[in-house]
Amino acid sequence: GKGKAAVQRAPGEPPAAQFADVGAGFENGLPYTAWGRQVRDERKGNNSKDNPDANCKPLGFMQLHTHPYEKKIVQGNGTIVIMYNANNDVRQILTNGQELPKVGPDLAPWFYGYSVGKWEDDHTLVINTVGVSDATWLDKAGHPHSIDAKIEERYTRPDHNHLQMTVTVTDPKVFTKPFVLSKNDYRWVPDQESEEQMCVPSEMINYMKLISDPAFGVTNDPTK
């Protein structure tokens, strides 16, 4: 299916994550450890100049989920592929019973990690992911995660045209406790066509030099 994120929430429910700042819906901010807060503050102090989205680099998993461009889910035999129209990024989720790799120093990090999924019932898909590269950010604001993060995505389909996703993060290096990071809703648009969206480094550099940086008073050289 395809869809765009919606942000309406019922009272008492976890917030819907926002592309610019996944912590915006938390009254007291995200439950950071001292190290996690330090990383977040350093990125904020640098005007988020290393934000992957602004440098044509792979987006973080929450940036993919909250990006306003379309998403398309393709279910095959033993595999689910999610195609994010944001920079044409693709994730593969194995549903063939394969186990997740063991998290440790021998596990090579991937930008989107290693993901396995299973159907909890006819309407609920649970995806668990480990080994996500800490080079990715949770959002444009610079909220971090570590390579040791464990991420659970729970997808439910309350009716034919709607999909609901709840994301729980466990990352002791960055956060003091496991917590529900977001609960986002998506709407299926059956006749919607996906447009090609590519981030071309040369075009991005020119855009930042001529438009983005002057608008925000940033003087950083985006090539460095």
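# Working chat on a predicted model

Q: Is Tyr 69 buried, exposed or partly exposed?
A: In this predicted model, Tyr 69 has a relative accessibility of 32% and therefore counts as partly exposed, since that class runs between the 20% and 50% cut-offs.

Q: And where does Tyr 69 lie?
A: Tyr 69 is in the loop that leads from helix 2 (61-66) to strand 2 (71-75). Its C-alpha atom is separated by 7.4 Å from that of Tyr 84, although the two residues are 15 apart along the chain.

Q: What does Tyr 84 belong to, and which residues share its face?
A: Tyr 84 is on the covered face of strand 3, together with Ile 80 and Ile 82, while the uncovered face holds Thr 79, Val 81 and Met 83. Such a pattern can be read with the rule that side chains in a regular strand alternate between the two faces of the sheet.

Q: How does strand 3 pair with strand 2?
A: The two strands are antiparallel and pair over 5 bridges, with Lys 71 standing opposite Tyr 84 of strand 3. Their hairpin has 3 residues between the strands, and in it Gly 78 takes a positive phi near 85°.

Q: What about strand 4, how many bridges there?
A: Strand 3 and strand 4 (residues 89-94) are joined by 6 bridges and also run antiparallel, and here Met 83 is the residue opposite Val 90 of strand 4. In this second hairpin, with 4 residues between the strands, the positive phi belongs to Asn 87 and is near 60°.

Q: Switching to helix 1: what span should it have?
A: Helix 1 covers residues 34-45, and at 1.5 Å a residue its 12 residues should span 16 Å, which agrees with the 16 Å between its end C-alpha atoms.

Q: Which of its residues are buried?
A: The buried residues of helix 1 are Gly 36, Val 39, Arg 40 and Arg 43. Viewed down the helix axis they fall within an arc of 95°, so they line one face of helix 1, whereas Ala 34 and Gly 45 are exposed on the other side.

Q: What happens just after helix 1?
A: Asn 47 takes a positive phi of about 60° there, although Asn 47 is not a glycine. Ser 48, also in the loop between helix 1 and helix 2, likewise has a positive phi, near 55°.

Q: Buried or exposed, those two?
A: Asn 47 is exposed because its relative accessible area of 52% is over the 50% cut-off, but Ser 48, at 15%, is under 20% and therefore buried.

Q: What is Phe 175 in contact with?
A: Beyond its neighbours within four places in sequence, Phe 175 is in contact with Leu 30, Pro 31, Tyr 32, Thr 33, Leu 138, Pro 144 and Val 169.

Q: Last one, Thr 136: where is it found, and what does its side chain reach?
A: Thr 136 is in the loop between strand 6 (124-130) and strand 7 (150-159), and it is buried, with a relative accessible area of 0%. Its side chain reaches the backbone oxygen of Ser 133 at 2.9 Å. Neighbours within four places in sequence aside, the contacts of Thr 136 include Pro 52, Pro 58, Phe 111 and His 145.

Notes: Residues are numbered from 1 along each chain as its sequence is written. This is a predicted model: local features need pLDDT of at least 70, side-chain atom pairs count only at pLDDT 80 or more; totals for chains, interfaces and linings use all residues. Side-chain values use heavy atoms; hydrogens and water are left out. Buried means under 20% relative accessible area, exposed over 50%, partly exposed in between (1.4 Å probe, protein chains only). A polar contact is a pair of N or O atoms within 3.5 Å; within protein, one must be able to donate a hydrogen and the other to accept it, and residues adjacent in sequence count only if both atoms are side-chain atoms. Contact means heavy atoms within 4.5 Å. The expected span of a helix is 1.5 Å times one less than its number of residues. The arc is that of the directions from the helix axis to the C-beta atoms. Two strands pair if DSSP finds at least two bridges between them.
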